[in-house]
Amino acid sequence: MSKPTLLTNISQLLTLRGAAPRRGRALAELGIIGDGAVLIRGGRIAAVGSRRSIKPAREARRARKIDCGGGVVLPGFVDSHTHLVFAASRAAEHERRIAGATYEEIARAGGGIQNSVRKLRAEREENLLAQARWWLAQFAAHGTTTVEAKSGYGLNATSELKILSILKELRKKQPLEIISTFMGAHVVPPEYKKRPDAYVELLTKEIIPRVAAEGLAEFCDVFCDRGAFTVEQARRVLIAGRACGLVPRMHANQLADIGAAELAVELHAASADHLEKVNERQIRALAKSDVTCTLLPGCCFHLGLPHYAPARKLIDAGAVVALATDFNPGTSPTVNMPMVLSLACAQMRMTPAEAITAATINAAYSLRRAERIGSIEAGKYADLAVFGVRDYREIPYYFGVNLCRMTLKRGAVLSGA
Ligand code: NIG
Ligand code: FE
């Protein structure tokens, strides 16, 4: 077995040890160890503690040492909501929005998701793969070690499967863990504009069974919102997915309240994402459930919208809250999880500690991986981020600047060092 590794000279080690998921006040418990050390063996965490408690161990003495420069070490970010594979930016739409057009107006005129679908269908697979791979390296450079990625810019069997196969290929070609979600129900493609239910039928009868049979996805997501899929259609898609072993997730209550949050609770979805437009009753129902409420403040920021999701109400009501980038070319073109933390603090009044919990252990829970990642505890994968700050609160405090000094995936150093 390869030589163990010892991380030392850590001003604050944020272990996030203990129960998962975190609700209410527990979101603020980071399990901080001052002057900490982490011993890694075979890609997993072997021991965690103060430098003084770890150093005398024989294994620690012969280990390869990594000096963290007095920085903060935390679990690698788990980005539980991205649309990683797309062909091109939508910078021209961004400019139209700045001039006053809304996201939905642009979508109704054939832009938005349809724009990305046209471009993806026409793009060569190797280019899509190369671009996604480049972005993954940027995720890693900002401290992210696990990325959920959705299909949804294909909207027919060939192109949806093309996206999911790219994700499969990427798993072999680069170190980050990629978790695949099938999202053929992103919007109704133009070919089915007049027959949305026929598209739902195609998804449930043909594409979903194929995706599941080929083992190409773990989750199934639906954009259940105004201008996308109705609650009834979303239910059909998610139930068909579940029958094939795909766990439901949802884009819910982003543009309007059409009852998507209730469907997430009804179906025991792993996650309900966005939630900018939830009401008090829905907040209570989500809080009582095991559905993770994944908030995506990058969208409101990029769309220039003033109403962020009610993070405080959700946390105070006892919901499982997570944070993610929603990396996509339409509403949130960022891979920068520390920036998402800054937005969560400044715009949604989450505390720095709550934001870190939401972007690590709670996000891991929403991806059904809280046993393996999301905290720094013996036995878990050594997925770690080292930040060049002395106090964890400085991570969201500085914004738009990358203070991640090093990222480790299963014990291997990916950047910095
Ligand atoms: O999460 N809301 C739906 N899907 C994406 C946007 C996709 C796009 O505009 O390309 C989101 O915001
Ligand atoms: Fe999204």
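In this predicted model, where local features need pLDDT of at least 70, side-chain atom pairs count only at pLDDT 80 or more, and totals for chains, interfaces and linings use all residues, the side chain of Thr331 places an N or O atom 2.7 Å from an oxygen atom of ligand 1, a polar contact being a pair of N or O atoms within 3.5 Å. Residues are numbered from 1 along each chain as its sequence is written, ligands are numbered from 1 and chains lettered from A in the order in which they are written, and side-chain values use heavy atoms, with hydrogens and water left out.

Taken alone, ligand 1 exposes 330 Å², and the protein buries 100% of that, with accessible areas coming from the Shrake-Rupley method with a 1.4 Å probe.

Elsewhere, helix 8 (residues 196–213) and helix 9 (residues 231–243) pack at an angle of about 5°, their axes 9 Å apart; helices here are DSSP runs of H or I with at least four residues, and strands are runs of E with at least two. The axes are lines fitted to C-alpha atoms over the stretch in contact, with angles running from 0 to 180 degrees between N-to-C directions. The two helices, helix 8 and helix 9, are therefore roughly parallel to each other, a term that covers angles under 35 degrees.

Turning to the backbone, a cis peptide bond with omega of about -5° joins Ala20 and Pro21, and Pro21 is found in the loop between strand 1 (5–14) and strand 2 (32–41).

Conventions
Parallel < 35°, antiparallel > 145°, perpendicular 65-115°, else oblique. Polar contact = N/O pair within 3.5 Å; in protein donor to acceptor, adjacent residues only side chain to side chain.
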